[in-house]
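I opened a new notebook page for this one.

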Amino acid sequence: MNEKINVPEHVAIILDGNGRWAKKRGLPRKAGHVAGAKAVDALSRDAYDLGIKYLTVYAFSTENWARPEDEVGALMKLLRSYINDRLKMGERYNIRYKAIGDLTRLDKKLQDGIEKLIEETSENTGLTVTIALNYGSRDEILRAVRSVSEDVKEGKISVDEIDDSLFSSRLDTDGIPDPDLLIRTSGEERLSNFLLWQLAYTEFYFTDVLWPDFDVEELKKAIEYYQGKDRRFGGVK
């Protein structure tokens with residue numbers, strides 16, 4: 001890959017394959033999620049060095065609540081520990097953390113930890129890592145529609161003022177550029193209710209590599225794939 005030319009500014013990743021990674025090794029699914037969290041950290045340290053400025057990871061979806069209760073409980077415990085430990089990571093590597101999704105369903109300790117992490121890393125100027133928690137794109141869009149509708153109802157805006165820019169400002173990702181590249185690991189090739197609005201002109205890269213095994217060399221392969229694309233955004237060159 002050419003590390004100086006046409007590196008995506010924003011990479012979004014669907015972290016898939018933690019359970020299968022653990023199963024292949026005869027380990028409980030929890031072990032796969034722990035390995036997956038470590039992989040996020042490792043990639044965060046390398047992404048900025050490659051020229052990436054924004055990294056968004058799909059950690060827990062609105063649909064993940066349907067998983068077995070013990071697995072959801074283990075995931076929540078891991079997330080609480082992960083979020084609390086990211087303060088040191090942010091300070092050491094100049095990482096700014098953000099979160100998207102309906103955080104109100106998460107327990108109070110986790111919500112407080114997320115709020116503290118976002119606040120205390122807000123002035124960092126390196127990589128911005130956005131963690132999608134209890135996130136579903138349809139839910140996000142519906143919340144944005146309700147927000148805009150309330151403003152129309154109260155006379156704050158007119159229907160004619162509603163455009164892409166205004167609507168985007170009501171999404172969880174307000175202030176974050178749309179992804180240039182989406183990566184999904186483990187061989188699945190679907191979006192799974194992730195960033196449906198924001199991915200309108202994003203390049204997609206699918207790999208059979210399970211998420212805990214996705215390292216900087218695999219990231220370079222994805223960037224190289226991206227560098228081979230001619231992005232016209234619906235126009236003609």
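Accessible areas come from the Shrake-Rupley method with a 1.4 Å probe, and for residues only the protein chains shown count as cover. I'm working on a predicted model, where local features need pLDDT of at least 70 and side-chain atom pairs count only at pLDDT 80 or more, while totals for chains, interfaces and linings use all residues. Residues are numbered from 1 along each chain as its sequence is written, and side-chain values use heavy atoms, with hydrogens and water left out.

I looked up Asp-164 and found it in helix 6, residues 164–169. Helices (H or I, at least four residues) and strands (E, at least two) are DSSP runs, numbered from the N terminus. Is Asp-164 buried or exposed? Asp-164 is exposed, because its relative accessible area is 56%.

Asp-164 also belongs to a patch of negative charge on the surface, together with Asp-160, Glu-161 and Asp-163. For such a patch I take residues with over 30% relative accessible area and no salt bridge, joining like charges within 9 Å (nonpolar side chains, meaning Val, Leu, Ile, Met, Phe, Trp and Tyr, are joined within 5 Å). Asp and Glu count as negative, Lys and Arg as positive, and His and the chain ends are not counted. I place each charge at NZ of Lys, CZ of Arg, CG of Asp or CD of Glu.

Next came Asp-41, which sits in helix 2, residues 29–47. Asp-41 has 11% relative accessibility, so I noted it as buried. Which side chain does Asp-41 join in a polar contact? The partner is Tyr-82, at 3.0 Å. A polar contact here is a pair of N or O atoms within 3.5 Å; within protein, one must be able to donate a hydrogen and the other to accept it, and residues adjacent in sequence count only if both atoms are side-chain atoms.

**Entry: salt bridges**

Side chains of opposite charge can pair when their charged atoms come close. My rule for a salt bridge is a side-chain nitrogen of Lys or Arg within 4 Å of a carboxyl oxygen of Asp or Glu. How many salt bridges does that rule give? I got 16 salt bridges.

One of them joins Asp-213 to Arg-25, with the closest N and O atoms 3.7 Å apart. This pair links distant parts of the chain, 188 residues apart: Asp-213 is in the loop between strand 6 (203–206) and helix 7 (216–227), and Arg-25 is in the loop between helix 1 (18–24) and helix 2. Asp-213 is partly exposed at 34% relative accessibility, and Arg-25 is partly exposed at 40%.

I then checked Arg-29 and Glu-71, whose side chains meet in a salt bridge of 3.1 Å, N to O. Here too the pair links distant parts of the chain, with Arg-29 in helix 2 and Glu-71 in helix 3 (residues 69–93), 42 residues apart. Arg-29 counts as partly exposed at 39%, whereas Glu-71 counts as buried at 10%. Glu-71 meets Arg-67 in a salt bridge as well, at 3.1 Å, N to O. Arg-67 is partly exposed, with 31% relative accessibility.

I also wrote down a network of salt bridges that links Asp-16, Arg-20, Arg-184, Glu-188 and Arg-190.

**Entry: the loop between strand 5 and strand 6**

Most residues other than glycine have a negative phi, and most peptide bonds are trans. Asn-193 is not a glycine, yet its phi is positive at about 65 degrees. Asn-193 lies in the loop between strand 5 and strand 6 and is buried at 13% relative accessibility. Leu-195 has a positive phi too, about 50 degrees, and is not a glycine. Leu-195 is placed in the loop between strand 5 and strand 6, where it counts as buried at 1%.

Gly-187 has its place in the loop between strand 5 and strand 6. At 30% relative accessibility, Gly-187 is partly exposed. Gly-187 and Ser-147 are 40 residues apart in sequence and 36 Å apart in space, C-alpha to C-alpha.

Technical notes: Buried < 20%, exposed > 50% of the residue type's maximum accessible area, 1.4 Å probe, protein only.
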